[in-house]
Amino acid sequence: MLGSSIFVALTAAAGAIASPLELITRSTPAGTGTNNGFFYSFWTDGVGSVTYNNGAGGTYDVTWQNVGNFVAGKGWNPGSAHTVTYNGTWNGASVNSYLSVYGWTKNPLIEYYVVESYGSYNPSTGATKLGSVDTDGSTYDIYRTQRVNQPSIEGTSTFYQYWSVRRSKRVGGSVTMQNHFTAWQNLGLTLGTQNYQIVATEGYQSSGSAAITVHQS
C-alpha cells in the first residue's frame, strides 16, 4: 500500500517523531465493528472533518472540525441494563456536543441517550419534561422526542428518542443503566430488544475533541 510505504520511510527518517501520515494510517473509517473486545460505532453525515481512532481496550479518541453531525464511541452489542463506567477528557463544553451513553433498540425502534455532559446546547431544548430519576449522584431529567424520516439503524425511519439529561455535568463515573430503563418504563417509555450501546461523543455544527475509555462492567 503506497501510504504504508511512505509512512515506513518517514518513520525511519524521523525516528520517534510521529508524522501526520501516522495519524492518517491509524484512523478508523466510518462504520461499526469490534476492537479489543469492545463494539464500536462511528457515524458521520460527511460534512466537515472527523478523525476517529480505536485505541487499546475500551479507549477511543476523536477530533472534529466544522462538522455537520457525527456520533462515535465504544461499548457493547447488544447493550444491556448493566452499569457503564467510563473516564477521559471531552473538549466540547463550549460547543454543540454531547457525551452520553447512547444506544438503540428494535421492536420498537428507539434511539436513547443518557447525557452525562453537554456543551452550548441542551439537547432537551423544546422537549416536554416527563419526569426525572435520581441516580449516580445527580438528578437526570427525562424527555421524549420524535425523529421523522431520519437516519437510524434500520435506514431512514420515524422513531422516538428517549433522553435522561444529567443536571450536574461530569466527564467520568458510573452510569446505572437499569435505573434509567426502569424510570423510562414507569413513564410509559417502552424499550425494545437491545441493539448496540456505546459511550458516545457527538458533535453538531462544531469543532472539538475527546479521548474516552470505557470499562467492562
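What follows is a walk through the sheet, strand by strand, with stops at some side chains.

Before we set off: this is a predicted model, where local features need pLDDT of at least 70, side-chain atom pairs count only at pLDDT 80 or more, and totals for chains, interfaces and linings use all residues. Residues are numbered from 1 along each chain as its sequence is written, and side-chain values use heavy atoms, with hydrogens and water left out.

**Stop 1: the whole sheet**

Start by colouring the strands. You'll find an open sheet of 9 strands in the order S1-S2-S5-S13-S7-S8-S11-S10-S9, with mixed pairing. Strand labels follow DSSP runs (E, at least two residues; helices are H or I, at least four), numbered from the N terminus, and two strands pair if DSSP finds at least two bridges between them. Which strands stand at the edges? Select 31-35 and 129-135: these are S1 and S9, and each has a single partner strand, so one side of each is left without a neighbour in the sheet. On average, neighbouring strands of this sheet are turned by 25° against each other, direction ignored. Such angles come from axes that are lines fitted to C-alpha atoms (for helices over the stretch in contact), and they run from 0 to 180 degrees between N-to-C directions.

**Stop 2: strand S8 and its two partners**

Now select 110-118, which is S8. Is this strand mostly covered or mostly open? Mostly covered: 9 of its 9 residues are buried. Buried here means under 20% relative accessible area, exposed means over 50%, and partly exposed is in between (1.4 Å probe, protein chains only).

S7 and S8 pair in the antiparallel sense over 8 bridges, and tryptophan 104 has glutamate 111 as its bridge partner in S8. In their hairpin, with 3 residues between the strands, look for asparagine 107, which takes a positive phi near 55°.

Then bring in S11, residues 157-166: S8 and S11 run parallel and are joined by 6 bridges. Glutamate 111 turns up again, with glutamine 161 as its bridge partner in S11. Tyrosine 112 stands opposite tyrosine 162 in S11.

**Stop 3: aromatic rings**

Show the side chains of Tyr98 and Tyr113. A search of the whole structure finds 17 aromatic pairs. Rings of Phe, Tyr and Trp (its six-membered ring) pair if their centres lie within 6.5 Å; planes under 30 degrees apart count as stacked, over 60 as edge-to-face and the rest as tilted. The rings of tyrosine 98 and tyrosine 113 have centres 6.2 Å apart and planes at 85°, so this pair is edge-to-face. Tyrosine 98 counts as buried at 11% relative accessibility, and tyrosine 113 is buried at 3%.

**Stop 4**

Select 138-150 for S10. S10 pairs with S11 in the antiparallel sense over 9 bridges, and glutamine 146 has tyrosine 160 in S11 as its bridge partner. Their hairpin has 6 residues between the strands, and glycine 155 there takes a positive phi near 85°. S9 and S10 also pair in the antiparallel sense, over 6 bridges, with lysine 129 opposite tyrosine 143 in S10.

Which residue has its charged end over the ring of tyrosine 160? Show arginine 144: its charged end is 4.0 Å from the ring centre. A charge sits over a ring if NZ of Lys or CZ of Arg is within 6 Å of the ring centre and within 35 degrees of the ring normal.

Next, click on arginine 147, also in S10. Arginine 147 is partly exposed, with a relative accessible area of 33%. Leaving aside neighbours within four places in sequence, arginine 147 is in contact (heavy atoms within 4.5 Å) with Ser157, Thr158, Phe159 and Gln161.

**Stop 5: the helix across the sheet**

Finish with 177-186, helix H3. Helix H3 lies across S7, S8, S9, S10, S11 and S13, running at about 125° to S8.
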